[in-house]
Every structure is written in structure tokens, then in C-alpha cells.
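Thanks for asking me to look this one over. Please have the sequence and the model open as you read my notes.

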Amino acid sequence: MPIEFTYERPDVNARKIINGEDQDVVQLEPMKHTFAWDYYNTGNANHWLPTEIGMQKDVEQWKSPTALTEDERHAFETVLGFFTTADSIAANNIVMAFYNHITSPECRLYLLRQAYEEAIHTHAYQYMVESLGLDSGRIFNMYREHEQIYDKASFIVTFNEGIFDKDFQTGDFESDQKFLENLCVAALVLEGIFFYSAFAVILALQQQNKMVGSAEQIQYIMRDESNHLNFGIDMINTIKEEQPELWTEDFQQRIINIIHEAVDIESNFAANAFPKGFMGMNAAGFRQYVEYIADRRLSRIGLPVQFNVNNPFPWMSEAIDLSKEKNFFETRVTEYQVGGTLDW
Ligand code: FE
């Protein structure tokens with residue numbers, strides 16, 4: 001788009017998440033959606049790299065014939081099979097679909113940081129696979145070979161196809177609703193539901209002092225993911241304020257139906273991937289946990305809860321809170337926050 005020579009400044013109040021009349025997406029300041037700037041700064045302060053976490057203990061346990069049961073190995077590999085491609089799918093959504101249509105420069109700025117974090121997560125899984133000497137071809141192809149992982153990946157990919165289309169544009173009622181629906185799927189379903197049974201498996205292992213290096217990485221990933229989820233929710237709620245006409249009764253019901261479908265897919269994944277249950281968590285427990293977090297996602301965007309169940313894995317909340325507090329810089333040599341140690 002050519003730049004126009006003008007003395008006129010864009011009106012920051014006209015700035016919107018999508019369809020901003022002020023379409024100048026390269027002027028970061030003055031900002032309107034300051035929440036995005038806060039997430040950007042939080043992301044930078046949380047910066048971490050997988051290779052700084054030792055995998056020695058995990059490698060020893062993986063090689064030992066007695067440290068892990070067959071079920072534990074199977075569960076670990078299965079959740080890796082989901083993880084290894086899920087963050088690449090998330091990155092594709094951000095870079096190739098959402099970024100294009102978002103007209104808030106500050107939201108675009110955070111999306112760049114988020115995209116980089118998705119890359120770091122994919123790197124973390126690659127690092128686990130490589131350190132443990134797993135068959136990378138098998139693990140990375142599991143989203144095509146393993147039926148329940150395929151169901152999750154294909155739900156997201158198929159759903160978002162529409163806004164990947166090069167002819168897709170926001171600006172009319174139907175397209176704007178479609179965009180908002182896609183945002184709900186990416187933030188609430190992919191970032192907010194589909195990772196959570198797999199997180200539970202890794203944190204259950206961690207509680208038994210198993211695969212602790214991998215688990216530590218998962219905790220950093222969960223900390224990043226909770227920011228991605230919260231940012232997505234803030235964007236959804238801001239679009240609701242900026243374009244309230246989109247939030248019809250029909251549309252709300254569409255989102256509720258999607259959440260029900262996602263809960264079924266995720267519960268089905270846990271039930272079939274771990275048919276004997278896992279470390280005290282059985283299929284009913286997984287379903288209840290997925291229902292519990294789904295209700296929390298719904299209420300954050302002002303929709304009625306659907307399941308009304310208690311958290312059957314209260315230790316998961318503790319682990320998530322712990323990972324939020326975890327101060328990477330207290331335990332690491334590399335201090336990104338300080339930086340500037342280069343000698344010229
Ligand atoms: Fe993410």
C-alpha cells in the first residue's frame with residue numbers, strides 16, 4: 001500500500017482490532033489497546049530457551065529399563081505426538097491468518113512475540129525428541145497417524161481454512177463474525193482446551209519425579225500459553241465492545257456449540273490415548289477436567305457455563321500457578337533482562 005503525503009494524524013480513537021478506519025498499521029504510538037503492550041512486555045520478561053534446561057535426568061530415566069513403566073513411555077510419546085505439531089499450527093494461524101486482518105499495531109506487535117514463542121515451543125519438543133533419541137519421523141507424523149491427535153489437529157486446521165483464503169476480507173457482518181469465530185477457536189479451543197490433557201500427563205509424571213527436565217519446559221510453555229489465551233480473550237472482548245452487533249444470540253450459541261464439540265474431541269483423545277487411565281486419572285476424570293476448563297473459558301468471554309463441575313485435578317491449578325511464578329532468572333545463568341554483556 002503506498003504511503004500518502006499528509007500532515008493529518010490518524011485518530012487513535014478510530015483504532016480497532018479489526019476494520020480500524022485508521023488503517024495505518026505501522027504507527028505503534030499513540031496506543032489504544034494497551035493490554036497488547038502489557039502482554040508484549042510480559043512475554044519479553046518471561047523469555048526462555050529450551051536448551052538451557054538440562055535433560056540429563058530425563059535421558060537416564062528414558063534409557064533405564066525400570067525408571068518408567070510401558071504406560072508412562074507410551075503416554076509421554078503420545079502427548080509429544082500432539083505437541084510437536086500443535087504449536088506449528090498455532091503459529092500458522094497467527095502469522096498467515098490473524099495478523100493479516102488485525103488493524104491494531106499494538107496487537108500486531110504482540111502477535112509477533114506470540115509467534116516467536118510458538119517457535120520456541122516447537123523447538124522445546126524437538127529438543128526433547130532429540131535428547132531422548134526418539135524416532136522423530138514417527139513422533140512428528142503422529143498428528144496424521146494417531147486418530148485422536150488427527151481429530152484435534154484437523155478440527156483446528158479445517159475450521160480456520162476460511163480465513164486463510166487469500167480472498168477473505170473482514171468488513172461485512174458475515175466475514176467479521178467468521179473472523180471472530182475463528183479467533184474463539186484459536187484462543188479458546190486450541191490454546192485453551194486442546195493442550196490441557198497433555199499438560200496433565202506431563203505434570204502427573206513430574207509429581208512422581210519423572211521426566212522433570214521435560215516437565216520444566218512444559219511449565220514454561222504453560223506460562224506462555226496462559227498469556228496467549230488471555231490475550232486472545234482480551235481481543236475477543238474488545239471486538240465485542242467495538243462491534244457489538246456481531247455478538248448475536250445465534251453467534252453466542254455457535255460458540256457454545258463449538259466448545260461442546262471441542263470438549264468431546266479432547267475427552268475422546270484422553271479416553272482413547274490412555275485407555276487404562278494414567279497415574280490415577282481415568283477417562284471420566286479427564287472429561288471432567290476438560291469440562292471444568294471449558295466452563296472457565298466460556299465465562300471469560302461472557303457466555304454461560306455449560307457443565308458446572310468441580311476441578312477433579314486441583315493439583316493442576318497449583319502447577320499452573322507455580323509455573324506463573326517461576327522466576328527463570330533466579331535459576332539461569334543467561335539473563336536476558338540484563339543483556340548487554342557483549343564486548344566489542
Ligand atoms: Fe500459544
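1. A word on the basis. This is a predicted model, in which local features need pLDDT of at least 70 and side-chain atom pairs count only at pLDDT 80 or more, while totals for chains, interfaces and linings use all residues. Residues are numbered from 1 along each chain as its sequence is written, and side-chain values use heavy atoms, with hydrogens and water left out.

2. Glu118 in helix α4 and Glu225 in helix α10 link distant parts of the chain, 107 residues apart. Helices are DSSP runs (H or I, at least four residues), numbered from the N terminus.

3. Are these two glutamates buried or exposed? Glu118 counts as buried because its relative accessibility is 0%, and Glu225 is buried at 0% as well. Buried means under 20% relative accessible area (1.4 Å probe, protein chains only).

4. The largest cavity. There are two cavities of 30 Å³ or more, a cavity being a set of points on a 1 Å grid over the protein atoms alone where a 1.4 Å probe fits but cannot get out. The largest holds about 140 Å³, a volume being the space filled by probe spheres set on the points, which are joined across faces, edges and corners. Of its 15 lining residues (those with an atom within 4 Å of a point), Ile94, Gln114, Ala186, Ala187 and Glu191 are closest to the centre. Helix α8 gives the most to this lining, five residues.

5. The second largest cavity. About 40 Å³ of space lies here, and the lining residues include Phe82, Lys152 and Phe194. Elements giving two or more residues to this lining are α3 and α7 (147–164). By class, seven of the lining residues are nonpolar, none polar and one charged. Nonpolar covers Ala, Val, Leu, Ile, Met, Phe, Trp, Tyr, Cys and Pro; charged covers Asp, Glu, Lys and Arg; the others, Gly among them, are polar.

Methods:
1 Å grid on protein atoms, 1.4 Å probe; cavity = no way out; pocket = protein on both sides within 12 Å on 5 of 7 lines; lining within 4 Å. Buried < 20%, exposed > 50% of the residue type's maximum accessible area, 1.4 Å probe, protein only.
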